[in-house]
Every structure is written in C-alpha cells, then in structure tokens.
Protein chains: 2
Amino acid sequence: MEALLSNIQIQVNEKIFQKDPTSSDLGQKILRESLSMIDELGLENFTFKKLALRLNTTESSIYRYFENKHKLLIYHVSWYWSWLSYRLVFATANMQDPSAKLEKAIHLLVHPCQGYEDLKTYDIKTLQRIIIHESSKAYLTKEVDEDNKEGFFSAYKDFCSRLVAFIKESQPAYKFPSSLVATTIEGIHLQKYFKEHLPSLSDAKKGDQDIELMFSKFILNTINH
Amino acid sequence: MEALLSNIQIQVNEKIFQKDPTSSDLGQKILRESLSMIDELGLENFTFKKLALRLNTTESSIYRYFENKHKLLIYHVSWYWSWLSYRLVFATANMQDPSAKLEKAIHLLVHPCQGYEDLKTYDIKTLQRIIIHESSKAYLTKEVDEDNKEGFFSAYKDFCSRLVAFIKESQPAYKFPSSLVATTIEGIHLQKYFKEHLPSLSDAKKGDQDIELMFSKFILNTINH
DNA sequence: TGTTTATGAAAGTATTACTATCAATATTGT
DNA sequence: ACAATATTGATAGTAATACTTTCATAAACA
C-alpha cells in the first residue's frame, strides 16, 4: 500500500499551470518550497522573488511554471482535494453504511495525513495548514466566476459531491445536502483555525477529537431530524 | 425609531485607526467610498491611490486616517458586527424564548439591512457584501494573534457570544455552543457566496429563504438532539 | 550533428505601499 | 483680533511587488 501510494500521480487541471511542475526537477522544487514558504510567511508575504532566492533560481524561471501566485495556490488546493478524494475512495471502498462513510469522511477532513506523513513532493501536514489558512482566498476573489469556468475548483467540488452522495444515500429526503457538506468542510477548517488563533470562537480542546466528534454528530443529526 | 437609529453612533476600537474617520468630512468620505470601491474592485485590487483619486484627495491624507487597507477593512468589519449586535439587542429585547431569539439572530444574519437601507455613512447592503467576500481575510493572516491581542476582533466575538448565550439558555447541556455559532455565522456567509458563484456547493434557490430555513433548523436540531 | 527544450542572467516597466516635507487654509482659544 | 494649532493638499521620493523581454548557455534528443 505504501509503495502503491508513493507511485500514484494526482492529476491537476492543466489550465492551472503554464508548464507541468511535476515534469521537472525545478518544477517539483517550486511545489515543495513554495508550500513551505507560504506556510512560513503567509500568502500575502510570499513572493516569487523570495521563492527564486530560496531555490537559487530566477523569477522568470518560476513564471515559466505559474502565471502568478494565485495560480500556484490553486494548484496546491486542487492537489489537496484530489488527494483527499483518492483517500476517501480507498477508505470507504468496503463500507456499506452511508453514515459510516460520512464519519470516515469527517475523520479524513480532520486528520488528512494519518499514515501518509511523507510523500515525495508533498508534506501533507503543511499542505493542510495552507488549506486551512489560505484556501478560501482561492475563491474569494473578483475572478471566481472565470476561474470556476476554467474548472479550477473542480477537485474541490468533486470531493464535496462524494459527500453529498453519501448523504443522499443515507437520507434521500434531506433538502440541503450540498449546503450541509460545504458548511461542514469549511466549518472543520475554521474550527481548526479558531482553536489556535481565536479560541473564544471554539470549544475544541488541545487535540482534534472534539472537532471530529462535533461535526460527526452535527452532520448526522442534521440529516436525521 | 428611524430618527433614533440615524443618531446612534457605533463605537469602533480606537486602535484600528490613526484618526477617527467619523470626526471629519474627509474621514466619512473615506469610509463611504472605500466601501463602494472594495465592493466594486475587490480587496486585492483596491488601493489607497485609487481611493484618493476618486475622492480628489491624496494618498497621504488617507494614510492619516488608516495605516493601511488591512486596518480599513478591520474598521468596516468591526462596524458591521457592532451594528448587528445593536440590531440584535433591539430585536430580541422583548423575547423570552431563546429558540426564538436564535431564529431572530439567523434572520438578521441573512437579512441584515431589512428596514435600514440608508444610513448616512454606511450602505448596509454593500457592507454585507464586503463582509461575505472579504471579512475572512481580516483574520486569515500571519498577524491574527497580534491583531486579536489589540482587540480588533472583539466586535465579532461579542456578537458571537450573544448567540452562545442564547444557546446556553436554551440547551445548557450542549457541548459546543461557540463552535456551532462560529460555524453557523460563517456558513451563512459562505452559502450566500456559493449560491452566486459556486452554485453546485449550495442548495439555495434565488431568494434567501432557503438559507434562513436551513440554518435555523440546523442550529436548533443540533442543540436539541 | 543539428535542433529543440530548459534554465539562467540581466534589464526594464508599471504599480503598490508606503514616508517625508512644506505650504495653504481652517479652526479654535484667549 | 491674533496667535497657535489642526487639517488638508501638493510634491517628491523609496523600496518592494508583479510581472515581461531578450539573450546566452547547457543539456537532451533525434
């Protein structure tokens, strides 16, 4: 399984990049180091200039892979959701009970890296921090509609639609499955963030068990009542 | 009531600004026009230079009121939450049933401008669009912790704590009131956004009734089961 | 061997995000 | 009425950001 997973290739929409960053050494370095720099500096303070400096390369070389840092962010975000979908399909393959599948999905959202801490290109722990801190900036822009048309959010929407399918399987009568899924996913991320930075807006204690428990109950209660 | 409301002064934490923008004509113009420009351009494309041009003033004059556009955003966000708290206190003053108070709160979150479309400085409809599109950028930064220490998010936290109080009144046993409130508030905003821009992540139809209904049921179900 | 392809090096532009200085004009205090 | 003070405008300047362009060089590939 480990071996299998270290060989899988997550596919990312080709319109996101100018040149496929997985196709070269430099491209992979750009992915790896941009991830860790965005994590350290935050998206606002991260620049291609700084990344070039760190990689001992030039701005122009980086621009050959990504048009700008927005696209680079979208790349990371897309990769994350493709990866989580993959994990979800794997983890729920042998499950019958849709409630159990939902619980598994919540578990994955809360602990996306359990068992897969070290992939070649991606440090999943860092990637999840970036998803939590920065991913909403990928769609909260004036260019959402264009970006959406280009399919930049399809990995995210695809993951959501899998959870929606579980809900429909479990409770076909529930009227707001898509809204509930989106609220749950973003709610989990927000709670992880608030727990650290605005603790009065969270009841979660040190670990992540509270968050997992809360959202599991929350989603199952909502569809079953 | 109209007259009363047009005289109320919403107080904003003094550390947010360099010079109180309500204290002068230019300051009020800065508030009014920055709001409409952020709405039109989005926070990323909005600059003090462009605002200065629109106001027939200079960048330096604007910098006398706000250190940077992040602080200006925080000002608008704080004002919004103070205003909503004020509305909430008013609207729930004569209510006994905490569930009804929660429903009222949801209603206000979904329709914050009903009855108060035109205030002098603030166009509440525009303000709410900015809250939906931009407010998470106020706290999703590397400077959250410092900003939080300065009290920049206290208006938001204060509003949340009012809803938490309602939940505790209604269901003292519910374990995650703060998390539920934060999830609900941000969920409402996100659904309003997704309804427009990523409709596959929402079940809401044209109006906002669906969103109101969904979150009302959602919060009451969650605490009562 | 010749030719794509990938990277590096250097330079340049427009915009952003400020800061500083000084003059002109209002406002206020006595 | 006059001096002191606050407010704004005008101008200029700096460092960083977000790119684009051109040209040289080295590696890969056919």
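Because the model is predicted, local features need pLDDT of at least 70 and side-chain atom pairs count only at pLDDT 80 or more, while totals for chains, interfaces and linings use all residues. Residues are numbered from 1 along each chain as its sequence is written, chains are lettered from A and ligands numbered from 1 in the order in which they are written, and side-chain values use heavy atoms, with hydrogens and water left out.

The interface comes first. The size of an interface is often given as the accessible area lost when the parts come together. The rule finds 16 residue pairs in polar contact across the interface of chain B and chain A, both residues at pLDDT 80 or more. A polar contact is a pair of N or O atoms within 3.5 Å; within protein, one must be able to donate a hydrogen and the other to accept it, and residues adjacent in sequence count only if both atoms are side-chain atoms.

Helices (H or I, at least four residues) and strands (E, at least two) are DSSP runs, numbered from the N terminus. Ala, Val, Leu, Ile, Met, Phe, Trp, Tyr, Cys and Pro count as nonpolar, Asp, Glu, Lys and Arg as charged, and the others, Gly among them, as polar.

On a 1 Å grid over the protein atoms alone, a cavity is a set of points where a 1.4 Å probe fits but cannot get out, and a pocket is an open set with protein on both sides within 12 Å along at least five of seven lines; lining residues have an atom within 4 Å of a point. Grid points are joined across faces, edges and corners, and a volume is the space filled by probe spheres set on the points.

The largest pocket has a volume of about 610 Å³. Of its 27 lining residues, the closest to the centre are Leu43(A), Glu44(A), Lys137(A), Glu44(B) and Lys137(B). Its lining divides into 7 nonpolar, 9 polar and 11 charged residues. The second largest pocket holds about 400 Å³, and α7 (124-134) and α11 (177-197) of chain A each supply at least two residues of its lining.

A search of the whole structure finds 8 cavities of 30 Å³ or more. The largest cavity has a volume of about 280 Å³. Among its 23 lining residues, Tyr139(A), Glu186(A), Leu190(A), Glu186(B) and Leu190(B) are the closest to its centre. α11(A) provides the largest share of this lining, 6 residues. The second largest cavity has about 110 Å³ of space, and its largest share, 4 residues, comes from α5(B). Its lining has 10 nonpolar, 3 polar and 1 charged residues.
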